[in-house]
Amino acid sequence: MVLLISCDSGKYEIEGTVENLSDPTLFAVYESLDGNEVDTIICDQNGRFVTTHEQNNNLRVITFYYNKREQWFTVYPEEGKKIQVMGDAEYPQLMQVKGGHTNNKLSQFKRKATVLLKDMDALAKDAPTPERTTQMSNIKHELKRIVRNFIEDNAAEEASAILISEYFTNPEDMAQTEELINLLSPELNNNYVVKLLKSQVEKAKTTEIGAKAPDFRVTNIYGEVMTPDSFSNKHYILAFTASWCDLCKTEILLLDNLSMKYPADSLGIMLISLDDNIEEVRQMVLNDTIRWNLVTDSAGQAIDLFELYNVSSLPNCFFMDDRGIIRLRTANGVELENTIDEIMR
């Protein structure tokens with residue numbers, strides 16, 4: 001149990017007990033419009049702790065990280081309200097937060113989704129398997145249905161915007177996000193969560209099909225500076241990969257086929273890899289018959305491109321036409337090859 005109290009002294013006093021902690025250290029992150037503050041809290045052997053924080057009108061959310069920062073739960077402070085958090089550290093998504101309007105509404109949602117949330121936390125502890133992946137996908141699908149129903153019934157609640165941010169903010173597919181934002185009441189337009197969601201939607205549109213490919217400037221492993229102008233008057237592929245990603249192999253993505261099928265002056269290919277050791281990457285490509293135009297993350301440039309192109313999973317391929325317009329985004333080599341054949345022939 002965690003108790004968050006708004007005290008007369010102008011401080012939030014937080015005291016409580018978190019059951020089944022594997023590590024006694026908690027990290028409380030106070031997220032404010034003025035920036036974030038972090039407080040390290042050491043629990044006693046029973047998981048009890050006490051801490052305080054200055055009241056701040058700009059404070060939006062407090063996130064408690066635990067078990068080596070691998071798990072967390074959040075509370076939404078409301079001045080003058082006592083907030084009680086109850087739950088088991090092994091089931092962070094089931095933490096029940098009571099006190100304050102938004103916390104109460106979110107707890108209402110969790111009660112409706114208790115079984116699914118518990119199953120999700122349990123599956124998260126297991127090693128990845130095809131069966132586990134399918135089960136997790138089914139749970140997430142059902143959770144999204146419950147979230148959508150909650151939003152329709154609570155269109156004027158901040159809790160609805162928070163649930164959109166938790167369940168519908170895949171940067172590679174923000175269409176549902178925008179649809180759900182439009183279900184919210186206009187009185188939430190100035191809410192900070194809604195503003196953030198709208199900005200994420202607008203950013204996602206920069207890499208939608210039909211958009212002009214975002215500009216970039218990077219250096220490949222051969223020291224050559226690459227920009228969209230490097231592919232002027234020809235079609236090109238940006239393939240986001242990593243050496244440890246089995247599905248990212250060039251032969252699986254059919255990039256080898258495409259490289260041999262179309263000359264370099266008509267189709268350019270650039271691989272963006274999360275690998276940060278240039279020398280190791282150079283040794284790997286020496287064994288390949290194709291001289292790949294490869295950008296690594298040695299200077300953080302691959303991460304910048306991942307962010308610029310809203311990439312959150314691997315593999316991910318973008319195909320641009322000779323005008324620099326995005327014509328396809330896919331993780332499927334067959335779809336990539338078929339689309340390029342159709343457009344270039």
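**View 1. Two lysines sit over the ring of Tyr91 in this predicted model.** The charged end of Lys118 is 5.5 Å from the centre of the Tyr91 ring. Lys125 lies over the face of Tyr91 too, at 4.5 Å from the ring centre. A charge sits over a ring here if NZ of Lys or CZ of Arg is within 6 Å of the ring centre and within 35 degrees of the ring normal. As this is a predicted model, local features need pLDDT of at least 70 and side-chain atom pairs count only at pLDDT 80 or more, while totals for chains, interfaces and linings use all residues. Residues are numbered from 1 along each chain as its sequence is written, and side-chain values use heavy atoms, with hydrogens and water left out.

**View 2. Phe49 and Phe64 form a tilted aromatic pair.** The structure holds 11 aromatic pairs; rings of Phe, Tyr and Trp (its six-membered ring) pair if their centres lie within 6.5 Å, and planes under 30 degrees apart count as stacked, over 60 as edge-to-face and the rest as tilted. For Phe49 and Phe64, the ring centres are 6.4 Å apart and the planes meet at 45°, so this pair is a tilted one. Phe49 belongs to strand 5 (residues 48-54) and Phe64 to strand 6, so the pair ties together parts 15 residues apart in sequence. Helices (H or I, at least four residues) and strands (E, at least two) are DSSP runs, numbered from the N terminus. Both Phe49 and Phe64 are buried, where buried means under 20% relative accessible area, exposed over 50% and partly exposed in between (1.4 Å probe, protein chains only). Ring pairs also link Phe49, Phe64, Tyr66 and Phe73 into a cluster.

**View 3. Tyr309 and Phe318 meet edge-to-face.** With ring centres 5.2 Å apart and planes at 70°, the pair of Tyr309 and Phe318 counts as edge-to-face. Tyr309 is buried at 0% relative accessibility, and Phe318 is buried at 0% as well.

View 4. Strand 15 (residues 316-320) pairs with strand 16 in the antiparallel sense over four bridges, pairing being called if DSSP finds at least two bridges between two strands. Thr330 in strand 16 is the bridge partner of Cys317.

View 5. Most residues other than glycine have a negative phi, and most peptide bonds are trans. Asn310, in the loop between helix 9 and strand 15, has a positive phi near 55° and is buried, with a relative accessible area of 7%.

**View 6. Helix 4 (residues 158-167) is largely enclosed by the rest of the structure.** Eight of its 10 residues are buried, among them Ile162, Leu163 and Tyr167. The buried residues of helix 4 pack against helices including helix 3 (130-153) and helix 6 (192-204), where contact means heavy atoms within 4.5 Å.
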